[in-house]
Amino acid sequence: MKLTGREKSSLILEGVVTVILLLLLNMAIIVIIQDAIQSNPGVTNGMIKQSLKIGPLQAQIWSYQRILIAFLVIIDVWVVWWRLRRRYHLYQMDHIIAELHYIAQGHLDHRIPFRLKGNQQHVITSVNALVDSAVRSMDDERKIEKSKDELITNVSHDLRTPLTSIIGYLGLIEDKQYRSEEDILKYTHTAYEKAKQMKTLVDDLFEYTKVQQHGAPVNIMKIDLNQLIEQLTVSFELEAQHRGIEITSSVIPNPLMIEADPEKLGRVFNNLVSNAFKYGNGASYIRIDARQENDMVVVKVANDGTPIPEKALDHLFERFYRAEASRSRATGGTGLGLAIVKSIVDLHHGSVKVTSNEDETAFIVTLPLKQEIKENNQK
């Protein structure tokens, strides 16, 4: 830290004044002691000698005045050093306080730039860390507010679209704007399908908000991953046959025991397989492969359908994101399925990623074999 010209002048002036005061004080002490010695008959009669001379040159090797002066000089140097050092530290604190006032005025991108020694540096480091933490908290709060606004906007949009259709078709029936019973059935069927879309969105939204809550309950138990995946495969067999897709599973070793919440883990793989059916256009197979790697389990859900655009890969797990250019609901997706997958995998201290090319699209889930969940997070 560099002192200003005014501070340097003040420091020099204080040093000069201190030296002058100490010299005057030293002279007074010497005069008082000299006067006391000379006015004391016992001392003047030889109790204290002013000097001792030895050798042919009569070198003076001892004098109480010289010893006293040397002692006072040492004390003076220490006092001057102490006062200048104290004043310098005060100037350092003034600079730190000035930097704090500058930051407090709203310049949150500013940090105290200089480095000092000792406790002052601890103060600077703590202040900079505190400002960084405050800025991060403010950024997080802004992101949360923005996220809430986006959530409300997206939910409103996704609910309004089917709701508008429901009201429209039911309005036609209410106003008797139909020509036959066949028209009534057509209108009610369309309203029914739109209502199911709304229910799917509400269910997914409820599931997403539930797993996003801090300290969301996780019912951890030991399960056989092979049985869970087999049950999942069987539940999708009819749909696979209808679409002309072969769905298979493989688990190594068998059985493969893992600690997890069976309901939530089933939701993960159900969403991934459903996602493969909805968006894997032209796929001939869907494969679910699970294998143990040391103390982790790697599960891959793969299909050979239309690849995912590369620009969409980094956004797939964001809520309400769809790789489609429009928000068409032809596929029936809510845009929450993969966000739910990531949230549940995070609750299990795992990770999920996606790879996609012309040959295959694969979602890869990595989970620990054993979970360390706090008791208050368990049901």
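A: This is a predicted model. The side chains of Glu 14 and Arg 87 form a salt bridge, 2.8 Å from N to O.

Q: Which parts does the pair tie together?
A: Glu 14 sits in helix H1 and Arg 87 in helix H3 (residues 64-104), so the bridge links parts 73 residues apart in sequence.

Q: Is Glu 14 buried or exposed?
A: Glu 14 counts as buried, at 12% relative accessibility. Arg 87 is partly exposed, at 27%.

Q: How many salt bridges in the whole structure?
A: A search finds twelve. One of them joins Asp 261 and Lys 264, with the closest N and O atoms 3.7 Å apart. Asp 261 is buried at 3% relative accessibility, and Lys 264 is buried at 8%.

Q: Which residues do shared partners join into one network?
A: Glu 14, Arg 83 and Arg 87, through salt bridges that share partners.

Q: What does Lys 196 pair with?
A: Glu 193, at 3.5 Å between the closest N and O atoms. Both lie in helix H5, three residues apart, about one turn of the helix.

Q: Switching to packing: how do H5 and H9 cross?
A: The axes of H5 (residues 181-212) and H9 (residues 337-347) come within 9 Å and cross at roughly 25°. The two helices are therefore roughly parallel, and their crossing is left-handed.

Q: And the surface: which residues form a nonpolar patch?
A: Ile 12, Leu 13, Val 16, Val 17, Ile 20, Leu 21, Leu 24 and Met 27, with about 790 Å² of accessible area together. Met 27 lies in helix H1 (residues 5-38) and counts as exposed at 54% relative accessibility.

Notes
Residues numbered from 1 in each chain as written. Predicted model: local features only at pLDDT ≥ 70, side-chain atom pairs only at ≥ 80, totals over all residues. Heavy atoms only, no water. Patch = residues over 30% accessible without salt bridge, like charges linked within 9 Å, V, L, I, M, F, W, Y side chains within 5 Å. Areas by Shrake-Rupley, 256 points an atom, 1.4 Å probe, with all protein chains shown as cover. Salt bridge = Lys/Arg side-chain N within 4 Å of Asp/Glu carboxyl O. Helix = DSSP H or I, 4+ residues; strand = E, 2+ residues; numbered from the N terminus. Buried < 20%, exposed > 50% of the residue type's maximum accessible area, 1.4 Å probe, protein only. Axes fitted to C-alpha atoms, helices over the stretch in contact; angles between N-to-C directions. Parallel < 35°, antiparallel > 145°, perpendicular 65-115°, else oblique. Left-handed = near helix turned anticlockwise from the far one by under 90°.
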